[in-house]
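I opened my notebook to record what I looked up in this structure. My entries follow in the order I made them.

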Amino acid sequence: MEIKVINHRKFQILEHHKVILELKYEKWWSNNAEFRYLGKQFEIKAKGFWQNNFIITSNHREIGNIKLNWKQDAVISLKSKEKPYQLEQETIWHSKFVVKSDENDILRIHAKSNWKKFHPDFLLNMENTEKNEDLNLLIAISTFIINNRLKAAAAAGA
């Protein structure tokens, strides 16, 4: 599995060099994203003005939500899973993130700076997961959260 960054508004999840899904933002200023996966249309939309809560929908039906805390760590709750996932920052530099479930590491994403392209490359590392578990939806949601964090950090630094 790999995450290919096309630009700040378009990301592809690849498996064996084949595009599984493409996460994209409609407008350059929007924090809402959408993607198609397994024949379904998914959307991630901000729930309120402060954009610390997001709703995840599949074919316009709510399937989960994302809640950010004051440190910008996220809790991802999906209705299909009984336990939520936590996305936490591992370093102070907004570059390494880990997704956990019950203190077990599921995956790690490293947003590696690429000064030639003006946007980071995302390196994905799967941690001790079961082979039959489909993590593509979780990877897309995590990519969305990390990208929004990087955009907010860049805006704060400008």
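**Entry 1: charges.** I started with the charged side chains. The protein has 25 positive and 19 negative side chains. Here Lys and Arg count as positive and Asp and Glu as negative, while His and the chain ends are not counted. The centres of the two sets lie 6 Å apart. For this, I took the place of a charge as NZ of Lys, CZ of Arg, CG of Asp or CD of Glu.

**Entry 2: ground rules.** I noted that this is a predicted model, in which local features need pLDDT of at least 70, side-chain atom pairs count only at pLDDT 80 or more, and totals for chains, interfaces and linings use all residues. Residues are numbered from 1 along each chain as its sequence is written, and side-chain values use heavy atoms, with hydrogens and water left out.

**Entry 3: the whole protein.** I looked up the secondary structure next. There are one helix and 12 strands. Helices (H or I, at least four residues) and strands (E, at least two) are DSSP runs, numbered from the N terminus. Along the sequence, the pattern reads β-β-β-β-β-β-β-β-β-β-β-β-α. The radius of gyration is 15 Å, close to the 15 Å that the globule rule gives for 158 residues, so the protein is as compact as a globular protein of that length. That radius is taken over C-alpha atoms, and the globule rule is 2.2 Å times the number of residues to the power 0.38. The C-alpha atoms fill a box of roughly 40 × 35 × 30 Å along the principal axes.

**Entry 4: surface and inside.** The protein exposes about 9900 Å², and carbon and sulfur atoms supply 51% of it. Accessible areas come from the Shrake-Rupley method with a 1.4 Å probe; for residues, only the protein chains shown count as cover. Buried residues make up 40% of the 158 residues. Buried means under 20% relative accessible area, exposed over 50%, and partly exposed in between (1.4 Å probe, protein chains only). I also checked contacts, meaning heavy atoms within 4.5 Å. Among contacts between residues at least 6 apart in sequence, 30% join residues at least 24 apart.

**Entry 5: strand β10.** How many residues of β10 are buried? I found five of the six, so β10 is largely enclosed by the rest of the structure. I then looked for its partners. Two strands pair if DSSP finds at least two bridges between them. Strand β9 (residues 85-89) pairs with β10 in the antiparallel sense over four bridges. In that pair, Gln86 stands opposite Lys100. The two strands form a hairpin with six residues between them, and His94 in the turn has a positive phi of about 55°.

On to the next partner. β10 (residues 96-101) and β11 (residues 104-112) pair in the antiparallel sense over six bridges. Phe97 stands opposite Ile109 in β11, and Val98 stands opposite Arg108.

**Entry 6: onward from β11.** β11 also pairs with strand β12 (residues 121-126), in the antiparallel sense over six bridges. There, Lys112 stands opposite Asp121 in β12.

**Entry 7: two positive phi values.** Asp102 sits in the loop between β10 and β11. These strands form a hairpin with two residues between them. Phi of Asp102 is near 55°, a positive value in a residue other than glycine. Asp102 is partly exposed, at 44% relative accessibility. Asn59 lies in the loop between β6 (53-58) and β7 (61-68). Phi of Asn59 is near 50°, again positive in a residue other than glycine. Asn59 is partly exposed, with a relative accessible area of 40%.

**Entry 8: Glu22.** Which strand holds Glu22? I found Glu22 in β3. Glu22 counts as partly exposed at 25% relative accessibility. Beyond its neighbours within four places in sequence, Glu22 is in contact with Lys10, Phe11, Gln12, Glu34, Phe35 and Arg36. Glu22 and Glu34 are 12 residues apart in sequence and 8.3 Å apart in space, C-alpha to C-alpha.

**Entry 9: Ser30.** Is Ser30 buried or exposed? Ser30 counts as buried, at 10% relative accessibility. Ser30 lies in the loop between β3 (18-25) and β4 (33-37). Not counting residues up to four places away in sequence, Ser30 touches Tyr25 and Lys151.
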